[in-house]
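Hi everyone, thanks for making time for this. I'd like to walk you through one structure, so let's bring it up on the screen.

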Amino acid sequence: MIEARHLRVLRAVATTGSFSAAARELGCTQPAVSQQMKALESSAGTTLLIRTGREMRLTQAGEALVRHASGILAGLTAAEEEVAAIAGLRAGRVRLVSFPSGSSTLVPGALAALRAEHPGTRVSLVEAEPPRSVDLLRDGDCDIALAFRYGASGGEWDDLVVRPLLTDRLIGLVPDGHRLAEAEGVSIGELADESWIAGCPRCRRQLVEVCEASGFTPRIDFATDDYPAVMGLVGAGLGVAVLPELAVESVRPKGARTVTVEPAIEREIVALTLPDLARVPAVAATLDQLSLAAAR
């Protein structure tokens with residue numbers, strides 16, 4: 001019989017590429033990893049890993065088992081949480097992953113309301129941008145991923161439960177005293193000759209696509225995932241930027257002005273979970289509070 005603990009070890013070895021690295025990730029010893037892998041291969045009745053030099057390579061059977069492991073482990077976690085909630089053993093726990101501007105705007109109000117209604121529910125929060133956050137969800141390392149996307153990407157989240165939260169428009173940011181600082185609306189083409197400060201990789205890619213559709217390629221002199229750093233660079237007169245409205249809400253820009261940019265650049269903000277996890281009471285309650293926070 002294949003045991004869940006053995007699947008966790010196999011997934012760690014597949015991700016890290018070695019027994020020693022997997023042991024460090026799992027907080028155990030290398031001999032313990034080796035022993036559990038032998039037990040798993042015995043249960044499976046076939047070789048799952050082949051050592052190639054200093055690294056481990058999955059066999060075809062190993063690849064198949066790793067492919068199913070994430071869903072199996074996530075299903076087990078969901079089952080444990082749902083049974084515990086029904087039995088009244090605990091109110092539940094939720095592992096939430098969010099991108100930074102969501103963490104500073106949507107998450108605080110949602111978690112405060114959740115704590116008020118369900119004081120026994122424990123929620124942990126780590127930050128990651130999509131697609132990394134979505135990978136964490138599929139790998140069973142979180143229960144809810146707060147994510148965003150630009151435009152509809154066919155099939156991107158078809159295996160997940162998608163809770164739409166809001167549409168977040170990107171707005172322009174220019175230094176005080178900039179020739180367009182007092183403008184109500186700005187065509188992105190009017191910024192073609194400016195020095196640009198770009199944000200996260202996904203936002204950066206969208207910026208380039210929109211600018212190229214308007215007939216120019218932006219000259220990106222600075223790139224940072226830190227929104228306050230973007231605002232600081234703009235405020236210092238080092239360039240212009242477009243940022244999500246959520247990001248501007250969370251940090252008051254100094255020395256910079258916001259302007260409406262045309263054509264509109266919008267991103268869809270959603271909360272994602274797995275179908276099995278959506279039935280867990282604590283997860284469902286957290287999704288509800290995120291929806292309410294987005295509507296405020």
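Before we start, a word on charges: Lys and Arg count as positive here, Asp and Glu as negative, while His and the chain ends are left out. Counted that way, the chain carries 30 positive and 37 negative side chains, with the centres of the two sets 8 Å apart. Please keep in mind that this is a predicted model.

Now the overall picture. The chain has eleven helices and twelve strands, and its C-alpha atoms fill a box of roughly 70 × 50 × 35 Å along the principal axes. Of the 296 residues, 45% are buried. Take the contacts between residues at least 6 apart in sequence: 70% of those join residues at least 24 apart.

Let's turn to helix 3, residues 30-44. Its 15 residues reach 21 Å from the first C-alpha to the last, close to the 21 Å expected. Which residues of helix 3 are buried? They are Val33, Gln36, Met37 and Leu40. These residues sit on the same side of helix 3 because they cover an arc of only 105° around the axis. After the helix comes Gly45, with a positive phi near 75°.

Next, helix 7, residues 201-213. Here 13 residues reach 18 Å, close to the 18 Å expected. The buried ones are Arg202, Cys203, Gln206, Leu207, Val210 and Cys211. They cover an arc of only 165° around the axis, so they lie on the same side of helix 7. And what do the buried residues of helix 7 pack against? Their partners are strands 5, 8, 10 and 12, together with helix 8. Just after helix 7, Gly215 has a positive phi of about 100°.

Strand 5 takes us to my last stop, Ala145, which lies in that strand. Ala145 counts as buried because its relative accessibility is 0%. Beyond its neighbours within four places in sequence, Ala145 is in contact with Val97, Ser133, Leu137, Val270, Ala271 and Leu272. Pro131 is 14 residues away along the chain, and its C-alpha is 10.0 Å from that of Ala145.

Terms used. Residues numbered from 1 in each chain as written. Predicted model: local features only at pLDDT ≥ 70, side-chain atom pairs only at ≥ 80, totals over all residues. Heavy atoms only, no water. Helix = DSSP H or I, 4+ residues; strand = E, 2+ residues; numbered from the N terminus. Expected span 1.5 Å × (residues − 1). Buried < 20%, exposed > 50% of the residue type's maximum accessible area, 1.4 Å probe, protein only. Arc of directions from axis to C-beta. Contact = heavy atoms within 4.5 Å. Charge placed at Lys NZ, Arg CZ, Asp CG, Glu CD.
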